[in-house]
Amino acid sequence: MDAFTNGILQRIHSTESDLRRARETGDDFLADVELSELDDLRRLAAEHGVDVRPKVA
């Protein structure tokens, strides 16, 4: 896995965690910010051919 792929996947994972925490604490503004960031990261990943779908065992 190259550095870009590794970095984008790590940022997506971190943003997903931040989004969960924002939702759990009822911080709607922060949840909106994190969701927007997540959308941008997923779009960027798709533009570069990075598969961000969850792995199913």
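Begin by selecting Asp18 and Arg21, whose side chains meet in a salt bridge with 2.3 Å between N and O. This is a predicted model, and the distances in this tour are computed from it. Both residues belong to helix H1, where they stand three residues apart, about one turn of the helix. Asp18 has a relative accessible area of 25%, so it counts as partly exposed. Arg21 is likewise partly exposed, because its relative accessible area is 46%.

Next, select Glu34 in helix H2, which covers residues 28-47. Which residues does Glu34 touch, not counting those up to four places away in sequence? They are Thr15, Asp18 and Leu19. Asp18, already on display, lies in helix H1. Glu34 is buried but has no salt bridge. The nearest side chain of opposite charge belongs to Arg21, at 7.5 Å; a salt bridge would require a nitrogen and a carboxyl oxygen within 4 Å.

Remain in helix H2 and move to Arg43 and Glu47. These residues form a salt bridge, with their closest N and O atoms 3.0 Å apart. They are four residues apart in helix H2, about one turn of the helix. Arg43 is partly exposed, because its relative accessibility is 44%. Glu47, with a relative accessible area of 54%, is exposed.

Now select Asp51 and Arg53. A salt bridge joins them, the closest N and O atoms being 3.0 Å apart. Asp51 is partly exposed at a relative accessible area of 37%, whereas Arg53 reaches 61% and counts as exposed. The count of salt bridges in the model comes to five.

Helix H1, residues 3-24, supplies the largest share of the lining, with four residues.

Finally, display the whole chain. The protein chain has two helices and zero strands. Its C-alpha trace spans about 35 × 25 × 15 Å along the principal axes. Of its 57 residues, 23% count as buried. Among contacts between residues at least 6 apart in sequence, 56% join residues at least 24 apart.

Terms used: Residues numbered from 1 in each chain as written. Predicted model: local features only at pLDDT ≥ 70, side-chain atom pairs only at ≥ 80, totals over all residues. Heavy atoms only, no water. Buried < 20%, exposed > 50% of the residue type's maximum accessible area, 1.4 Å probe, protein only. Lys, Arg positive; Asp, Glu negative; His and termini not counted. Contact = heavy atoms within 4.5 Å.
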